[in-house]
Amino acid sequence: MLSCQLDLRCYFVTGSGSERDIVTLARDAARAGAGVIQVRSKPISARDLYSLGREVAHAVREANPATRVLIDDRVDVALALRDEGVHGVHLGQDDLDVRVARRLLGPEAIIGLTTGTLQLVRAANELAGDIDYVGAGPFRATPTKDSGRPLLGVDGYRPLVAESLVPVVAIGDVTVDDAAELASTGVDGLALVRGIMNAEDTGAYVARVLSEFERGAVD
């Protein structure tokens, strides 16, 4: 797995919008240092996700080859885009089994898994050989997704980080103003959707996220 090579500090999850706008935001976020771009734009067909993923991957590779591009949910789309600059997939609890995804995508692919409770983190530990990180949330309520899980708040991350065998990424209406405090819990990164999507200056926002994360990060 590639966990040690992943920069999860600023992890941009794309929201809804035109393909052109999303590609531009992804390019600018990568150029500013976002380590991961997850291509998600629901509801979306597999065909449209393929097109969006390809364009994002090409733009990101040109802007910052170190940034990793993942596809949300769809292992088939990630596999189809493997030679176009897509590095893996992020899977939810109801998506394809991560062990199957690993067999299909190979040992170099990046695979993330959604969690958010101690029970789910412990279950993910059983899959630690096949996943590179877990997303954990929701941090707070968000209009982009209703997981049905309890809100974690800042303090909810400490036991999850202590339990997890793989890096933990906080998600759920995270903004730059939360970065330092969340980093102090020991999480390895922050997944942001609306904060980056709605920023007046994408590059400046990403730079602030990185700076604030480093300010709060534990040694």
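Q: In which crossing, left-handed or right-handed, does α1 pass α2?
A: This is a predicted model, in which local features need pLDDT of at least 70, side-chain atom pairs count only at pLDDT 80 or more, and totals for chains, interfaces and linings use all residues. Residues are numbered from 1 along each chain as its sequence is written, and side-chain values use heavy atoms, with hydrogens and water left out. A crossing is left-handed if the near helix is turned anticlockwise from the far one by less than a right angle, and right-handed if clockwise. Here α1 passes α2 in a right-handed crossing.

Q: At what angle do helix α1 and helix α2 pack, and how far apart are their axes?
A: Two packed helices are described by the angle between their axes and the distance between the axes. Helix α1 (residues 19-32) and helix α2 (residues 46-63) pack at about 30 degrees, with axes 8 Å apart. They are therefore roughly parallel (angles under 35 degrees).

Q: Which residues does UniProt list for "binding site"?
A: Such annotations may be inferred rather than shown by experiment. The unreviewed UniProt entry lists Asp 73 and Asp 95. They span 23 residues in sequence, yet no two of their C-alpha atoms are more than 6.3 Å apart, so they gather at one spot.

Q: Where is Asp 95 placed?
A: Helices (H or I, at least four residues) and strands (E, at least two) are DSSP runs, numbered from the N terminus. Asp 95 lies in the loop between β4 (88-91) and α4 (98-105). The side chain of Asp 95 reaches the backbone nitrogen of Gly 92 at 2.6 Å.

Conventions: Polar contact = N/O pair within 3.5 Å; in protein donor to acceptor, adjacent residues only side chain to side chain. Axes fitted to C-alpha atoms, helices over the stretch in contact; angles between N-to-C directions. Parallel < 35°, antiparallel > 145°, perpendicular 65-115°, else oblique.
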